[in-house]
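Walk through this structure with the sequence at hand.

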Amino acid sequence: MMWTRLASFSACASIALALGPSPGQIKNLVTFGDSYTDVGSPADGGTAWPIYAAGYGPFKLFPFARSGATCSNNITARPFPSVFESQLPLYFTEKSNGSLVLDPASTIYTLWIGTNDVGVGGLLTGLQKPGVTIVDTVTCAVNWVKTLYANGARNFLFQNMLPLQKTVLYGSTTYPNRYFNLAHNSTEWSLFMSELVNGGNAIGKLQLQALPASLPGAKIGLFDSYGLFSDMIAHPANYLNGTAPLNVTGCANSCVFPLGGQTSVCTVAKGAARDSFLWWDELHPSEQSDRVVARQITNAIQRKSDQWTTWFS
Ligand SMILES: *[C@@H]1O[C@H](CO)[C@@H](O)[C@H](O)[C@H]1NC(C)=O
Ligand SMILES: *[C@@H]1O[C@H](CO)[C@@H](O)[C@H](O)[C@H]1NC(C)=O
Ligand SMILES: *[C@@H]1O[C@H](CO)[C@@H](O)[C@H](O)[C@H]1NC(C)=O
Ligand SMILES: *[C@@H]1O[C@H](CO)[C@@H](O)[C@H](O)[C@H]1NC(C)=O
Ligand SMILES: *[C@@H]1O[C@H](CO)[C@@H](O)[C@H](O)[C@H]1NC(C)=O
């Protein structure tokens, strides 16, 4: 009797412990995505989050994310290196020719994608391949897990879309800017963007939840960027620390264009004032926001906190 109770207790305990990687397990961080994650041309006015995360870990960083990327140019064609047609092929080439040697157990793979899929030039402005919807772009992103798993990868952290309707570009109180300077109904844009991001994140979560059954041995986590940025907007003083008044509505590097025009008037925060802003420009998180992302991603990987992370396996 005693033995049975002990045995079933330890079975439960090992299932609980088996969710996600163990503390100290991960040594290598391999990042995929768009300008939110690109370390070569950081879009936050400073240093991109993977560099901070690599330092906080510490982790050895292998950065594959590229600015402008969508999940796949097959479905949302943009002239930038997409995850499926450029970033993954480069990773696979480097792996197969031996220039990249990564131990699956101590390596985690991250993907933060969707901003360009759903935005200007994508779903929002109807420039996707005919018939493509949010279901296809999110399914594509989840397929990144399956594709890397088939190649031997085992640990994954999938970053969902942040509340893009709160950026200046997609917000209801916008102005003509470097990313879009034409007339549009900004109330409708922010409403539609809120639907795309919330709907897409919900579809992604359901699909990720269903993956472990077919991917034995995989550790799959969902990092809730949407929740984290919503909390930063609701409680900026918990995260932002610059010398200017805290600002979650405007941006640190704001350029106002005349409607349809080419010459803008810019207001750029300097030095320590920058860390007061949630957004660096009309579309991108600030460097301080990226430090927060890096800290929370690191905490998730090292299992110091699961506050923004759900491990499905
Ligand atoms: C993109 O299209 C090509 C050609 O049809 C196909 O071979 C490939 O699998 C597609 N990639 C994705 C990610 O759908
Ligand atoms: C492996 O492929 C990458 C990407 O094409 C290339 O930069 C690198 O030089 C190659 N390394 C070897 C050893 O062939
Ligand atoms: C913009 O869209 C909103 C929501 O559909 C609508 O209520 C509003 O009248 C529109 N504004 C203009 C100027 O058309
Ligand atoms: C936030 O920053 C913008 C500049 O992008 C400025 O116009 C706005 O007044 C600021 N808001 C607050 C509450 O300080
Ligand atoms: C804000 O905090 C970060 C650590 O998260 C620190 O690196 C940065 O220097 C701080 N910024 C200011 C203006 O004190």
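**Helices, sheet, loops and ligands**

Helices α2 and α8 pack with their axes 8 Å apart, at an angle of about 45°. The crossing of α2 past α8 is right-handed. This is a predicted model.

Which residues of α2 and α8 meet? From α2 come Trp49, Tyr52, Ala53 and Tyr56. They meet Asp290, Arg291, Val293, Ala294, Arg295, Ile297 and Thr298 in α8. By class, this contact has 7 nonpolar, 1 polar and 3 charged residues. Helix α2 spans 49–56, and helix α8 spans 287–301.

Helix α5 covers residues 134–150, and helix α6 covers residues 186–210. Their axes come within 9 Å and cross at roughly 45°. The two helices, α5 and α6, are therefore oblique to each other. Helix α5 passes α6 in a right-handed crossing.

On the α5 side, the contact is made by Ile134, Val135, Val138, Thr139, Ala141 and Val142. On the α6 side, Leu196, Gly199, Gly200, Ile203, Gly204, Gln207 and Leu208 take part. What classes do the residues of the contact of α5 with α6 divide into? There are 8 nonpolar, 5 polar and no charged residues. The contact of α2 with α8, by contrast, has 3 charged residues.

Next comes the sheet. It is open and is formed by 6 strands, in the order β2-β1-β3-β4-β5-β8. The pairing is mixed. Which strands stand at the edges? They are β2 (60–63) and β8 (309–311). Each has a single partner strand, so one side of each is left without a neighbour in the sheet. Neighbouring strands of this sheet are turned by 20° against each other on average, direction ignored.

Strand β5, residues 219–223, is joined to β8 by 3 bridges. Strands β5 and β8 run antiparallel. Gly221 stands opposite Trp311 in β8.

Pro58 is found in the loop between α2 and β2. A cis peptide bond joins Gly57 and Pro58, with omega at about -10°. The other residue is Arg303, in the loop between α8 and β8. Arg303 is not a glycine, yet it has a positive phi of about 65°.

Two ligand sites complete the tour. What surrounds ligand 5? The shell consists of Asn241, Gly242, Ala272, Asp275, Gln288 and Arg291. These residues divide into 1 nonpolar, 3 polar and 2 charged. Arg291 belongs to this shell, and Arg291 is also among the α8 residues that meet α2.

Ligand 4 has its own surroundings. Pro245, Asn247, Thr249, Gly250, Cys251, Ser254 and Thr267 surround ligand 4. By class, this shell has 2 nonpolar, 5 polar and no charged residues. The shell around ligand 5, in contrast, includes 2 charged residues.

How values were computed:
Residues are numbered from 1 along each chain as its sequence is written. Chains are lettered from A and ligands numbered from 1 in the order in which they are written. This is a predicted model: local features need pLDDT of at least 70, side-chain atom pairs count only at pLDDT 80 or more; totals for chains, interfaces and linings use all residues. Two strands pair if DSSP finds at least two bridges between them. Helices (H or I, at least four residues) and strands (E, at least two) are DSSP runs, numbered from the N terminus. Axes are lines fitted to C-alpha atoms, for helices over the stretch in contact, and angles run from 0 to 180 degrees between N-to-C directions. Angles under 35 degrees count as roughly parallel, over 145 as roughly antiparallel, 65 to 115 as roughly perpendicular and the rest as oblique. A crossing is left-handed if the near helix is turned anticlockwise from the far one by less than a right angle, and right-handed if clockwise. Two residues are in contact if their C-beta atoms, placed from the backbone, lie within 7 Å. Ala, Val, Leu, Ile, Met, Phe, Trp, Tyr, Cys and Pro count as nonpolar, Asp, Glu, Lys and Arg as charged, and the others, Gly among them, as polar. A residue is near a molecule or strand if its C-beta atom, placed from the backbone, lies within 6 Å of it.
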